[in-house]
Amino acid sequence: MTSPSEATRFGWLRPDVLSIAAGALLAAVAPLERFDYVARGLTASALADDAPSAQVLLVTASPEALRDGLCERSLPGLLERGRARGALLVPPADAFCGGDAEGGARAPATAAAPAVRLPPGLLRLSAGEVVGFFPLTSEARAAELGALGVSAAPWVIKKAPQSVPAVSLRDLADGQVPASALAGRVAVVAVGSGGVPPQAVATSALPPAKGVAAVLGGLLDGGRRASAPAWAPALFVLLAGAFVWLARRRYGSLVATTALFLATFALAAGQSALAARVEASLLPLPSTLFGLAVAFAGVMILRGLGVQRAVDRAAELIQRAALFRMQGVHTLRDEEFWPRVARLAEQAHPADLVLVAELPAGSWHLRFWNDRPGGESLVAERRHDVRRPPYSSEQGVPAIRLARRFLTKQDMPAVVVPLIAFGEIEGYVFFCGPVAEATFSREPERAENVGRELALLLRRKRLARTAEAGAGEARAGDTPTDDLVEGARVALDDLQLFGSMLRNAPVGLLYADAFGDVRFVAPEFAKWLRARDVMVPAESASAALPPGSLTLGDVLGATSASGAAVSLSSVMSSDEGIELSVSAPEPAVLSVRPLRRESDGSTWIAGYVAALIPVKQPAPVSGNVRPLAARDATDPLCAFQLGDVVAEAVASAARATGRAVRLEPIRGATHALGHRGELAQVLEAFLTDVASRGLPGHGPVVSVREAPQGVQLSILDVGFGLGLPESALQRVLTAPGAAPAGLEPLGRLILAVEDSHGQAELKTNDGWGITLTVTLLRAHPRVGAAVQESGKPAAQQNVIAIGRASPK
């Protein structure tokens, strides 16, 4: 472990300080050599001198004049008469102006001005432009070029092309331009276009003559430049990094970013100022900027990431705490509390529309709360006086009743449920629509259970707010100590609630608050819900869920099959909760129970807890014994129309295989008895297998009819049994649980038929494939009638409507 003295000694070894040092090292090493080379050339070209050159004269000759020998005849004499410093012959003009193979001149011995051929490897190029001269290895050429002032110079602040004077060789030879124009100058002789005006002579020269003249002019005027020492860019990065670090520490990220831009501007301005005056001043700009970026990343990004990570973690913890704190019903505003009560009522009692109303203290008139637009406008009774019908009976006694003209839609009934706790009315809930009416006529106790629990919830809210208001008046002001005590009390209440959840949950995988909103779901539980096509937010695997994103009613709805669903009211009415057996994706038991709290001498539901408990399948006693398969409790033995199941299975098999599956007209009502969900699943799988394996153009033929012995399903397939011996088919009938390879779908279908108390028969037709005949027990629906208040017959659970419904 590091001692305090060592920690103080090495305290400067922080990521930001180390990044500044790393940036300075990168600037000194200059890893971006190729880009640095181009940047130096661009810098030298950008600082070109616009003053006219007194050291260089560009002389151009047209190709016609060169072929006539004008350059070879007149150039030596012009150089001598004009007292020129010499001539530099730029290829291909050197081949016509007397330059020899070694780069010397064939001028007379008395000539004082040499004419030197330009060596091919002399020019130093950058971005396609001449920026300097390379050193020469030949001593003879070095001496001859040195006489013209040409020496090794990697970078040159050259003359601007328009500042180098230019004349035509023809004009010099004809005397139109005096030979004195060559006095003291180096003549750069190059090929140019003929017949151009004098002002266009400079632009008529072919490359690289213009660049050679500009660079040579700058070199002779003192424009030689070289790379700056390695410590210069490193020092700049150190100073700029310290500047950015200080700005970040004192004034924040915005000022530090501004400091970075100022440092970049200072680098560009300083490079221009130094390059214009100092010879060894060309900095490796790309490498320096890269080192500065590394330093800035350490100062800004690394520290910013650490701060952002800490802020995000703190925000996440605060958000989780705030989400879990929402189970305190008295802490919610009325605008949020009452719509959540309505959503809870929707989960507990089926209805087309649910309205909730509050009875304020000391008042007899209801106040409606609903999050849907136009909720209160649907109520036809405008006085909202609880002492009058439909809120009370003719004698003024509040009771659950069915109202016909309560809503503006006269044909929509409403179940009026007063919320009464300890003899006091807390409010009302209205379940509207034919669905609510049918549920109330079938299960009147459901509305009573829901009303009792909602009343206790409302009473809890009112009493808690009354106590909180009294405590606030007694304190006569809040102090930090009072706030701390209040926070500790709320935290203790949360701990007690979740402690109760942990004690009552077998596994503790899901928690829902008092409004039925799921607030926490474990990853395995979320995986099971997604397998049941229930939308679960992605963040639920590791954090609490916000209210309304997932409800307990959605979880219970995931267990439904064949129209049989478990309601939230059954959970409310049972202190021990309910347990449901589920089979997919793996056999398990879903246990849901309410969390009750004691308050004011009564118990009320403070939340719900659910657990998904896997069920291990018992090991088989022997390999030749088939164990009984676990059956889903939501797929009971019931009466159904076999024709509808077969039609759906045929359509699904045709879509899955892309082949034709023929269905003969269904004969009879085909009401059968069996496990509808299991039969539909295995029949679809069998038809898909048969259709995919059949011969092209010979798909299976399916027919359903009523026979004297029951409801029969026949499947004729001309290609299914090709190559199969008679013994294999008999084995499937005898032991469908151990069917041979390739006949497993047929074995599962036979098992499902036997589980539904039916029988299956296979018949081979010579040359015409195999016919599978399934016979199920016929269901005999009983027709009964009951009279509603309106005089119309009411449907019962054991009544199956036959024929089309008459139009209303």
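A residue is called buried when its relative accessible area is under 20%, exposed when it is over 50%, and partly exposed in between (1.4 Å probe, protein chains only). By that rule Phe440 is buried, at 17%. The model is predicted, so local features need pLDDT of at least 70 and side-chain atom pairs count only at pLDDT 80 or more, while totals for chains, interfaces and linings use all residues. Residues are numbered from 1 along each chain as its sequence is written, and side-chain values use heavy atoms, with hydrogens and water left out.

**Around Phe440**
- Phe440 sits in helix α14, residues 434-442 (helices are DSSP runs of H or I, at least four residues, numbered from the N terminus).
- Setting aside neighbours within four places in sequence, Phe440 touches Ile400, Val415 and Ala447, where contact means heavy atoms within 4.5 Å.
- Arg401 is 39 residues away along the chain, yet its C-alpha is 9.4 Å from that of Phe440.

**Helix α2**
- On α2, Asp16, Ser19, Ile20, Gly23, Ala24 and Ala27 are buried.
- Down the helix axis, these buried residues fall within an arc of 140°, so they line one face of α2; the arc is that of the directions from the axis to the C-beta atoms.
- Over on the other side, Pro15, Leu25 and Val29 are exposed.

**Helices α20 and α21**
- α20 (residues 642-657) and α21 (residues 676-693) pack at about 40°, their axes 8 Å apart; axes are lines fitted to C-alpha atoms over the stretch in contact, and angles run from 0 to 180 degrees between N-to-C directions.
- Residues making this contact include Val645 of α20 and Leu683 of α21.

Methods: Helix = DSSP H or I, 4+ residues; strand = E, 2+ residues; numbered from the N terminus.
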